[in-house]
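Please take me through this model, one feature at a time.

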Amino acid sequence: MSKIQTNKIQHTATGATEFTLPTADGTNGQVLKTNGSGVLSFGTDQGGKILQVVNTTYNDRTTISLPNAYANNSSNIYYYTQLDTTITTTSANSKILISGASSGEFTQDNHLFGYVMASTIGGTTAPIDSLRASTDSNTSRPRLSFLPCINYHGSDNDSTPATTPFSNLYYAPNQAAGTAITIRLGIVTNYHSNQTFYANQIVSSVNSSEYEHSVSHMTLMEVA
């Protein structure tokens with residue numbers, strides 16, 4: 001089988017740059033790049049790209065009990081398990097973009113509740129600290145990832161679910177390739193009595209066109 005052997009290449013156009021080829025091959029996944037002066041070499045692709053996308057869409061209905069108030073910034077987190085979404089990394093130290101929406105109604109006003117984004121790695125679930133409010137001298141303040149959207153109920157306070165979106169939350173788990181990571185959405189309350197989140201539905205059970213149901217979802221994107 002014939003082959004071409006050369007250490008330089010040049011386009012036939014007059015004045016075209018002469019490129020010097022590298023003397024050895026690069027490693028798997030590397031790209032050929034230039035130093036701007038015609039010398040080519042292999043190097044790591046520094047450009048970000050989406051490696052995979054994983055989605056969970058939950059369009060059924062459920063209830064999540066919140067029997068205890070959020071305490072000490074870590075206790076009494078109740079997970080919306082129907083939205084649990086698992087991604088297995090294809091590259092070491094990948095970044096994960098998290099987006100989605102939680103929809104439903106609470107048994108009290110929305111400002112009495114909050115969301116905490118968490119991850120499960122190797123069987124251990126813990127809030128993602130980079131996606132929560134930082135600590136301060138007052139440890140009674142809840143450390144939340146975000147709050148439910150604040151909507152006006154008026155006299156119609158049990159007939160319309162509210163949808164709270166969360167978009168492009170940046171998570172750097174710093175894990176090896178092949179690590180399974182489950183992203184979880186936790187719900188908390190600061191109301192000191194039993195409460196309930198009616199996921200994708202309303203508090204009332206009335207069967208009428210004015211009493212909507214809804215959809216929740218979560219999407220994970222692994223970014224190189």
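Predicted model: local features only at pLDDT ≥ 70, side-chain atom pairs only at ≥ 80, totals over all residues.

Q: How many residues does the largest nonpolar core have?
A: A nonpolar core is a set of buried Ala, Val, Leu, Ile, Met, Phe, Trp, Tyr and Cys residues joined through side-chain atoms within 4.5 Å. Here the largest one has 28 residues, and Tyr 80, Ile 98, Met 117, Ile 183, Leu 185 and Met 218 are those with the most contacts inside it. Its largest share, four residues, comes from β13; strands (E, at least two residues) are DSSP runs numbered from the N terminus.

Q: Is Thr 56 buried or exposed?
A: Buried means under 20% relative accessible area, exposed over 50%, partly exposed in between (1.4 Å probe, protein chains only). Thr 56 lies in strand β5 and is buried, at 16%. A polar atom of its side chain lies 3.4 Å from the backbone oxygen of Asp 84.

Q: In which sense do β3 and β4 pair?
A: Two strands pair if DSSP finds at least two bridges between them. Strands β3 (residues 31-34) and β4 (residues 40-43) are antiparallel, over four bridges, and Val 31 has Gly 43 as its bridge partner. Five residues separate the two strands of this hairpin, and in the turn Gly 36 has a positive phi of about 85°.

Key
Residues numbered from 1 in each chain as written. Heavy atoms only, no water. Polar contact = N/O pair within 3.5 Å; in protein donor to acceptor, adjacent residues only side chain to side chain.
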